[in-house]
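Welcome! Let us walk through this structure together, one feature at a time.

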Amino acid sequence: METENLLEIRHMRKAFDGLGVLKDISLTVKKGEVVSIIGPSGSGKSTLLRCATLLEKMDGGSLSYLGQTVCQAEREEGGDAVYVSKGELKKFHRYFGLVFQNFNLFPHYSVLKNITDAPVRVAKIPRQEADTRARELLARLGLSDKADAYPCQLSGGQQQRVSIARALALKPEILFFDEPTSALDPELTGEVLKVIRQLASEHMTMIIVTHEMHFAKEVSDRIIFMEDGLIQEEGTPEELFHSPKERVQEFIGKLASA
């Protein structure tokens, strides 16, 4: 039987230099769900994604994918987060893909090699199979003619589509997007949002940190509003956009009119 919750976070805490960035975050994401995370800069949104994708270690709380524990609190009330062994952690990297705001492509690799590098080197997928899948993804994202190009030869929108293809190459269960359009001008933003809309229509599970309010309203099953390292409110787009909470209304109104 399929596990209902693909991702489960309980009481996640993270501090840098004694400053609590994530104070007590709990959330679950079901298979096929699209969750957008909104909130002012410095509210902990990117840190949440970095902890969920193992780029940062949580200080406390628990994290699991498909019912399998990545880390758990040392004791019920508080306590440090205790992670599984390094060997066990490796398998969890196959469960998710992460798309960064600044693309993070390897400048000295071709587009094709950027997409096939992890499948071949990390997942030990045969090169021919990895190449075939990469070309299929490029075709799907409208980049068939860019396989041999280098990142510097592409527009920002094209680079971000390549980074989405790279994230999809390992067939992840869930995709995380950290402000995927913040480095792009409005015209190129449209290209990338179109791809994410398409993935949503295919029931790809996604968590998207975004400032694009109209997009979040249109594509999300659920929206989370974060501030001061806490989830202040969450609900359907309709619930959030008509929130009785003044602070949520103020934030959404400011961005929607920008």
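A salt bridge is a side-chain nitrogen of Lys or Arg within 4 Å of a carboxyl oxygen of Asp or Glu. Searching the whole structure turns up 13 salt bridges. Before we visit some of them, please note that this is a predicted model, in which local features need pLDDT of at least 70 and side-chain atom pairs count only at pLDDT 80 or more, while totals for chains, interfaces and linings use all residues. Residues are numbered from 1 along each chain as its sequence is written, and side-chain values use heavy atoms, with hydrogens and water left out.

Start in helix H3 (residues 111-121), where lysine 113 and aspartate 117 are four residues apart and therefore separated by about one helical turn; helices (H or I, at least four residues) and strands (E, at least two) are DSSP runs, numbered from the N terminus. The side chains of these two residues, lysine 113 and aspartate 117, form a salt bridge at 3.9 Å, N to O. Lysine 113 is partly exposed at 32% relative accessibility, whereas aspartate 117 is buried at 9%. Here buried means under 20% relative accessible area, exposed over 50%, and partly exposed in between (1.4 Å probe, protein chains only).

Another salt bridge joins arginine 140 to glutamate 202, with the closest N and O atoms 2.5 Å apart. Because arginine 140 sits in helix H4 (residues 127-140) and glutamate 202 in the loop between helix H6 (186-201) and strand E9 (205-209), the pair ties together parts that are 62 residues apart in sequence.

Now look at strands E10 (residues 222-227) and E11 (residues 230-235), which run antiparallel and are joined by five bridges; two strands pair if DSSP finds at least two bridges between them. They make a hairpin with two residues between them, and aspartate 228 in the turn has a positive phi of about 55°. Glutamate 227 forms a salt bridge with arginine 247, the closest N and O atoms being 2.9 Å apart. This pair links distant parts of the chain, since glutamate 227 is in strand E10 and arginine 247 is in helix H9 (residues 246-256), 20 residues apart.

Which cysteine sulfur is nearest to that of cysteine 51? The sulfur of cysteine 71 is, at 8.7 Å. A disulfide is a pair of cysteine sulfur atoms within 2.5 Å, and the whole structure has zero disulfides. Cysteine 51 is buried at 0% relative accessibility, and cysteine 71 is buried at 1%.

Finally, 13 of the 13 residues of H5 are buried, so this helix is largely enclosed by the rest of the structure.
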